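User: I am new to this structure and would like to learn how its features are read. Please take me through them one at a time.

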Amino acid sequence: MAVVVWIAEGTWPACVEAARAHAAQSAEIVLLHVTGTEVSGVAHGAFAGLLGRGHPKGQHQGGGWGSDPGTRLEDLAADSSRQLLRAAAELLGRPCVQVARTGRIEREVVAAAEGADLLVLARDGDRTHLGPHSLGPAGRFVVDHAGCPVLLVWPGAAPAGPPPPAPPRHR
């Protein structure tokens with residue numbers, strides 16, 4: 001059995017705990033962290049465009065004047081990803097594979113879960129209410145497009161009470 005656990009900032013401990021509780025001891029567990037490219041892409045574009053005018057071309061060793069800030073952001077994101085995966089592996093407390101990917105987060109998660117027997121992820125939307133809004137756009141995409149069963153967990157205690165009433169249906 002192959003279990004993919006989506007490690008995302010702020011919600012990963014609940015996902016790791018769910019994998020510990022629900023994955024068989026013999027299961028191969030893959031801890032997956034995906035770094036989006038939006039922020040570094042904007043920095044690359046800004047540097048290449050308006051902000052890059054008049055700056056010496058090329059990369060500079062020290063990351064100083066004339067260096068593309070997008071590259072520095074990518075390096076920081078990669079370090080953060082390694083730290084999160086290391087912490088998740090430590091919490092899991094058993095052998096696992098750590099995978100760091102970069103790209104459109106929701107698409108990378110779906111691609112990484114291809115062929116898996118289970119995908120574990122946490123709710124990424126409004127965590128103060130029960131119901132469909134407890135999934136954000138990325139989580140909704142993953143739940144809708146994953147080609148394997150999905151275990152969806154609350155990244156803390158689930159809110160009390162019934163979900164808000166559904167809007168009236170028009171015919």
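User: Leaving aside neighbours within four places in sequence, with which residues is histidine 33 in contact?

Analyst: Contact means heavy atoms within 4.5 Å. On that basis, histidine 33 touches Ile7, Glu9, Ser81, Leu84, Leu85, Val99, Ala100 and Arg101. This is a predicted model, in which local features need pLDDT of at least 70 and side-chain atom pairs count only at pLDDT 80 or more, while totals for chains, interfaces and linings use all residues. Residues are numbered from 1 along each chain as its sequence is written, and side-chain values use heavy atoms, with hydrogens and water left out.

User: Is histidine 33 buried or exposed?

Analyst: Buried means under 20% relative accessible area, exposed over 50%, and partly exposed in between (1.4 Å probe, protein chains only). Histidine 33 counts as buried because its relative accessibility is 2%. The residue lies in strand E2 (residues 28-35); helices (H or I, at least four residues) and strands (E, at least two) are DSSP runs numbered from the N terminus.

User: Which side chain does histidine 33 join through a polar contact?

Analyst: The side chain of serine 81, at 2.9 Å. A polar contact is a pair of N or O atoms within 3.5 Å; within protein, one must be able to donate a hydrogen and the other to accept it, and residues adjacent in sequence count only if both atoms are side-chain atoms.

User: How is the packing of H1 and H3 described?

Analyst: Two packed helices are described by the angle between their axes and the distance between the axes. Axes are lines fitted to C-alpha atoms, for helices over the stretch in contact, and angles run from 0 to 180 degrees between N-to-C directions. Helix H1 (residues 12-22) packs on helix H3 (residues 69-92) at about 35 degrees, with the axes 9 Å apart. Trp12, Pro13, Val16, Glu17 and Arg20 of H1 meet Leu84, Ala87, Ala88, Leu91 and Leu92 of H3.

User: Which residues of H1 are buried, and what covers them?

Analyst: Trp12, Ala14, Cys15, Val16, Ala18 and Ala19 are buried in H1. Their cover includes strand E1 (2-6), E2, H3, strand E4 (118-122) and strand E5 (150-153).

User: Which residues of H4 and H5 meet?

Analyst: Glu106, Arg107, Val109 and Val110 in H4 meet Ala138, Phe141, Val142 and His145 in H5.

User: How many helices and strands are there in the protein chain?

Analyst: The protein chain has 5 helices and 5 strands, in the sequence pattern β-α-β-α-α-β-α-β-α-β. Of its 171 residues, 37% count as buried.
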